[in-house]
Amino acid sequence: ADLATLPSTDLIVQACGDAHIANFGGYRSPESHLVFDLNDFDETSRAPWEWDVKRLVASVAVCGRTRGFGEDWCAQAARLTARSYRHAMASFADQGALEVWRTYIDVASVLDALADEVSKADRRRVAADLARAFSKTNIRAFEKLVTQKDGAASMVYDPPEIVPLEKFLSPSNVHHVRRALKRLLANYLTSLSPAYRQLLGNYELIGIAQKVVGVGSVGTRCWVAVFTGTQVADPLVIQVKEAAPSVLERFCGISRYASHGERVVQGQRLMQATSDPLLGWGGALDEQGHHRDYYARQLWSWKMSVDLDAASADELEIYGQLCGWTLARAHARSGDRGAIAGYLGKSDKFDNALARFALAYADQNEADYEQFLKRLGKV
């Protein structure tokens, strides 16, 4: 709502809509590389490229203030993030479309390149993050979600995070919702390529449970569906999340896709260098008979994120620059990269302007929070 009141170039891209620094991270590519990219697309839609960049630099400043790094650090980190976006877009403007689409950040290569620029403590922290990422697999997810009793597998009951259907619905509603979710999974299969439909034919469903996810998804429905191989023990866990209208649509027009699940998936495929091959969408009726849109993906696949509450100032500064490069690559895939690069130019005017915006919006963020506390009677 705030960004829509400000001037823009009217150069439209596939925008993330929520491109703050906590929504970037690592995950496993189909080729089993740990890649760094955007990882949240619930709000993705067509919108001005500036909106994503402003949200990113503002989040850098907010994070810096939260960590107590000081105004000079916040301004410099936001400036470097904007510069990284500008330099990357200039580079992509000189590349062919296929080359842009093939470009991605390999986490291992980045760490090798930065080995002499970060402290030993930072390297140890990153090594621990990598170890956690590589441990996040379907096997681990399966072990967390499934319990064995008398030789039979069933979903665990671990409220409030994991709650099987029969633990919160009446028997008649359990039957109705389970049937609707099975139809949803069947619809989801049709959104995949024929090869991956064939792949999933090697699995059978064990159970479905409701799963609590992030704060941003409170009030929406999220499920986990657990499968095992029909030939050998071969776990697979699919997360199914409800897809609501994008916040961007109010200002940029209704999505061109038939469902919000498809909007999320097609936007993710367009912005990410490489996506989960099991990413797809579907729809289902809820227990009141209302249609709901969903998208689905593997629950865990080497998921890696930076602990913004523990990372050093140097680590966060580098991280912001990686995010800036990544966002430029995402926009270059769907927008007029030459026009954007031409607008940004070769001077540091854009970098400085975005740094000023970041600090001003961090002020606005604090003022808004102050009002929030007053409404709660905390001030």
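This is a predicted model: local features need pLDDT of at least 70, side-chain atom pairs count only at pLDDT 80 or more; totals for chains, interfaces and linings use all residues.
Three helices, namely H1 (49-67), H9 (249-252) and H13 (349-375), each supply at least two residues of the lining of the second largest pocket, where helices are DSSP runs of H or I with at least four residues, strands are runs of E with at least two, and both are numbered from the N terminus. A pocket here is an open set of points on a 1 Å grid over the protein atoms alone, with protein on both sides within 12 Å along at least five of seven lines, and a lining residue has an atom within 4 Å of a point.

Residues are numbered from 1 along each chain as its sequence is written, and side-chain values use heavy atoms, with hydrogens and water left out.

Which helix gives the most to that lining? It is H1, with nine residues. In total 26 residues line the second largest pocket, and Gly17, His20, Arg55, Ala58 and Tyr361 lie nearest its centre.

Let me turn to the strands. Strand E2, residues 24-28, is mostly covered, since four of its five residues are buried, meaning under 20% relative accessible area with a 1.4 Å probe and protein chains only. E2 pairs with strand E3, residues 34-38, in the antiparallel sense over five bridges, where pairing requires at least two DSSP bridges, and Phe24 has Leu38 of E3 as its bridge partner.

For the whole protein, there are 13 helices and 13 strands, and buried residues make up 49% of the 379 residues.

Terms used:
Buried means under 20% relative accessible area, exposed over 50%, partly exposed in between (1.4 Å probe, protein chains only). On a 1 Å grid over the protein atoms alone, a cavity is a set of points where a 1.4 Å probe fits but cannot get out, and a pocket is an open set with protein on both sides within 12 Å along at least five of seven lines; lining residues have an atom within 4 Å of a point.
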